[in-house]
Amino acid sequence: MTYVVSDNCIKCKYMDCVEVCPVDCFYEGENMLVIHPDECIDCGVCEPECPAEAIKPDTEPGLEQWLQLNAEYAKSWPNITAKKDPPADAKDFDGVADKYQKYFSPNPGEGD
Ligand code: SF4
Ligand code: F3S
């Protein structure tokens with residue numbers, strides 16, 4: 001199994017998660033992060049750290065799309081290991097429905 005980043009990370013991108021991951025397996029897109037499923041050691045430490053509750057174990061139902069998206073973009077987006085400033089309007093997007101359809105960007109972030 002692995003943990004995955006899901007919909008509510010988009011445009012919230014708080015990045016508290018990267019500070020606690022012992023194996024630095026987060027990768028940065030323009031407006032969300034993903035977890036590399038082959039690098040994650042399933043420690044679960046990041047899950048409670050996310051203010052947007054966007055990180056979930058892939059054993060939860062309905063996360064197939066997110067597992068696929070994390071695996072795909074972890075290959076091309078840059079690694080991120082340190083928290084940066086989240087978007088100024090992050091709070092306005094917390095809990096907004098269907099963020100993937102409305103806001104997902106395949107563009108990479110800047111990484112560390
Ligand atoms: Fe990193 Fe652990 Fe979270 Fe996996 S579950 S992404 S290893 S902190
Ligand atoms: Fe995203 Fe939560 Fe990390 S909003 S960047 S998964 S702390």
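Biologist: Which cavity is the space taken by ligand 1?

Modeller: On a 1 Å grid over the protein atoms alone, a cavity is a set of points where a 1.4 Å probe fits but cannot get out. A molecule sits in such a cavity if more than half of its atoms lie within 2 Å of the grid points. In this predicted model, the space that ligand 1 takes is the second largest cavity.

Biologist: What pLDDT do local features need in this model?

Modeller: Residues are numbered from 1 along each chain as its sequence is written, chains are lettered from A and ligands numbered from 1 in the order in which they are written, and side-chain values use heavy atoms, with hydrogens and water left out. Because the model is predicted, totals for chains, interfaces and linings use all residues, side-chain atom pairs count only at pLDDT 80 or more, and local features need a pLDDT of at least 70.

Biologist: How many polar residues does the shell around ligand 1 have?

Modeller: A residue belongs to the surroundings of a ligand if one of its heavy atoms lies within 4 Å of that ligand, and the residues around ligand 1 include Tyr-3, Cys-21, Phe-26 and Gly-44. For the classes, Ala, Val, Leu, Ile, Met, Phe, Trp, Tyr, Cys and Pro count as nonpolar, Asp, Glu, Lys and Arg as charged, and the others, Gly among them, as polar. By this scheme the shell has 11 nonpolar residues, no charged ones, and a polar count of 1.

Biologist: Where does ligand 2 sit?

Modeller: The structure holds 2 cavities of 30 Å³ or more. Among the residues around ligand 2 are Cys-9, Lys-13, Asp-16, Cys-17 and Cys-50, and by class its shell has 10 nonpolar, no polar and 2 charged residues. The place where ligand 2 sits is the largest cavity.

Biologist: What volume does the largest cavity have?

Modeller: The largest cavity is lined by 14 residues, a lining residue being one with an atom within 4 Å of a grid point, and these divide into 12 nonpolar, no polar and 2 charged. Grid points are joined across faces, edges and corners, and a volume is the space filled by probe spheres set on them. For the largest cavity this comes to about 100 Å³.

Biologist: Which residues of the second largest cavity's lining are the closest to its centre?

Modeller: The second largest cavity holds about 70 Å³ of space. Of the 13 residues that line it, the closest to the centre are Cys-21, Cys-25, Cys-40, Cys-43 and Cys-46.

Biologist: How many residues apart in sequence are the parts tied together by the pair of Tyr-73 and Phe-104?

Modeller: Rings of Phe, Tyr and Trp (its six-membered ring) pair if their centres lie within 6.5 Å, and planes under 30 degrees apart count as stacked, over 60 as edge-to-face and the rest as tilted; by this rule there are 6 aromatic pairs. Tyr-73 and Phe-104 form an edge-to-face pair, 5.3 Å from centre to centre with 65° between the planes. Helices (H or I, at least four residues) and strands (E, at least two) are DSSP runs numbered from the N terminus. Because Tyr-73 lies in helix α2 (residues 64-74) and Phe-104 in the segment after α4 (99-103), the pair ties together parts whose separation in sequence is 31 residues.

Biologist: Is Glu-53 buried or exposed?

Modeller: Most residues other than glycine have a negative phi. Glu-53, however, has a positive phi of about 50° although it is not a glycine, and its place is in the loop between β3 (33-35) and β4 (55-57). Buried means under 20% relative accessible area, exposed over 50%, and partly exposed in between, with a 1.4 Å probe and protein chains only. With a relative accessible area of 64%, Glu-53 is exposed.

Biologist: What relative accessible area does Lys-11 have?

Modeller: Lys-11 lies in the loop between β1 (3-5) and α1 (16-20), and its phi is near 65°, a positive value in a residue other than glycine. Lys-11 counts as partly exposed, because its relative accessible area is 24%.

Biologist: How far apart in space are Val-4 and Ile-55, C-alpha to C-alpha?

Modeller: Val-4 is found in strand β1 and is buried, with a relative accessible area of 0%. Leu-63, 59 residues from Val-4 along the chain, has its C-alpha atom 8.1 Å from that of Val-4. Val-4 and Ile-55 are 51 residues apart in sequence, and their C-alpha distance is 5.6 Å.

Methods. On a 1 Å grid over the protein atoms alone, a cavity is a set of points where a 1.4 Å probe fits but cannot get out, and a pocket is an open set with protein on both sides within 12 Å along at least five of seven lines; lining residues have an atom within 4 Å of a point.
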